[in-house]
Amino acid sequence: MASRLLHRHIREQLQGLVEILQDPSPPPLCLPSTPGTPGFSDPTHVVGPHSCSSSQKEVTHESLVVGAIENAFQFMDEQMAQEWHGHQVEGGCCALVVVYLLGKVYVANAGDSRAIIVRNNEIIPMSREFTPETERQRLQLLGFLKPELLGGEFTHLEFPRRVQPKELGQKILYRDQNMTGWAYKKIELEDLRFPLVCGEGKKARVMATIGVTRGLGDHNLKVYSSTLPIKPFLSCFPEVQVYDLTQYEHCPDDVLVLGTDGLWDVTSDDEVAATVDRVLSAYEPNDPSRYTALAQALVLGARGTPRDRGWRLPNNKLGSGDDISVFVIPLGGPGSYS
């Protein structure tokens with residue numbers, strides 16, 4: 001559903017900004033009302049930056065595009081909620097989106113997929129993964145502010161391991177929503193509850209259930225053997241990073257690589273960059289099939305080859321058992337960005 005509709009939501013959000021983005025002056029604070037709505041007056045002009053307020057923060061065109069993408073993700077999530085309420089359509093997904101507009105690339109990520117730019121053998125991260133570990137403090141803060149979401153089953157505090165009943169009254173290492181380090185606290189009865197965030201690495205979970213903290217859908221997701229919903233802790237809003245293509249002269253070997261966690265679970269950024277160099281150097285710069293071949297090489301490399309004990313990588317480690325999807329987007333080549 002997201003793959004078929006999310007880009008339409010993004011397009012709709014951006015369509016209303018076309019005239020503003022083409023105007024070099026700062027974006028207006030207020031837009032005119034449309035006919036039939038309260039406050040409608042003059043439809044022939046856009047209200048200037050000082051018409052609604054004596055002073056205002058500086059807002060860039062770039063931030064308007066970022067806001068449009070963020071809104072589109074929210075509308076997509078709301079549409080999934082309507083599908084669930086109306087037709088009991090269940091499920092959820094991560095989303096990684098790239099928008100090219102007016103010489104800039106906008107990369108929006110909600111989930112544990114990843115995007116990197118490989119430029120002249122240099123690696124430029126264009127996203128970060130959202131997991132129970134990377135968003136621990138956001139999750140703990142929500143659990144602290146709204147303890148009813150924990151249902152009396154979970155504690156928002158984190159401990160190095162599950163606290164045992166025999167440790168009541170003892171001082172044990174912990175950290176809360178404000179802490180990046182660790183300290184000691186005296187264990188009380190509520191500390192025996194299951195931690196909101198548990199595990200580490202790929203085994204980290206929110207409420208012992210889900211390993212990603214941002215994405216679309218999952219409106220019906222509940223804690224195992226419980227009626228406690230997990231959706232309040234999951235954010236549909238992406239983090240958007242911007243890359244200005246006009247600030248660098250790109251060659252045909254400069255690419256943007258998008259991959260689901262199935263790629264990155266077993267392949268490092270450096271290994272992807274090495275594959276980019278190896279595959280693209282085997283093709284003529286003007287051969288468009290070189291990018292398809294690169295994407296295929298990345299997918300097959302993460303999958304591994306069948307051996308006696310399953311699919312294995314060249315280092316004999318297990319190949320990825322997760323979904324492996326890869327996009328390769330060339331940043332250079334014929335023409336120029338302006």
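This is a predicted model: local features need pLDDT of at least 70, side-chain atom pairs count only at pLDDT 80 or more; totals for chains, interfaces and linings use all residues.
Residues are numbered from 1 along each chain as its sequence is written, and side-chain values use heavy atoms, with hydrogens and water left out.

**The helix pair**

The axes of α6 and α7 come within 10 Å and cross at roughly 140°. That makes α6 oblique to α7, since angles under 35 degrees count as roughly parallel, over 145 as roughly antiparallel, 65 to 115 as roughly perpendicular and the rest as oblique. Here is who touches whom, with contact meaning heavy atoms within 4.5 Å:

| Helix | Range | Residues in the contact |
|---|---|---|
| α6 | residues 269-280 | V272, T275, V276, V279, L280 |
| α7 | residues 289-303 | R290, Y291, A293, L294, A297, L298 |

Sorted by type, they give nine nonpolar, one polar and one charged.

**The sheet**

Elsewhere, three strands form an open antiparallel sheet, in the order β2-β3-β13; strands pair if DSSP finds at least two bridges between them. β2 (95-101) and β13 (239-244) are the edges, each with a single partner strand, so one side of each has no neighbour in the sheet. From one strand to the next, the twist averages 15°. Seven bridges join β2 to β3 (residues 104-110), and V98 has V107 of β3 as its bridge partner. Helix α3 (residues 61-87) packs on this sheet, touching β2, β3 and β13, and its direction makes about 35° with that of β3.

Key
Helices (H or I, at least four residues) and strands (E, at least two) are DSSP runs, numbered from the N terminus. Axes are lines fitted to C-alpha atoms, for helices over the stretch in contact, and angles run from 0 to 180 degrees between N-to-C directions. Ala, Val, Leu, Ile, Met, Phe, Trp, Tyr, Cys and Pro count as nonpolar, Asp, Glu, Lys and Arg as charged, and the others, Gly among them, as polar.
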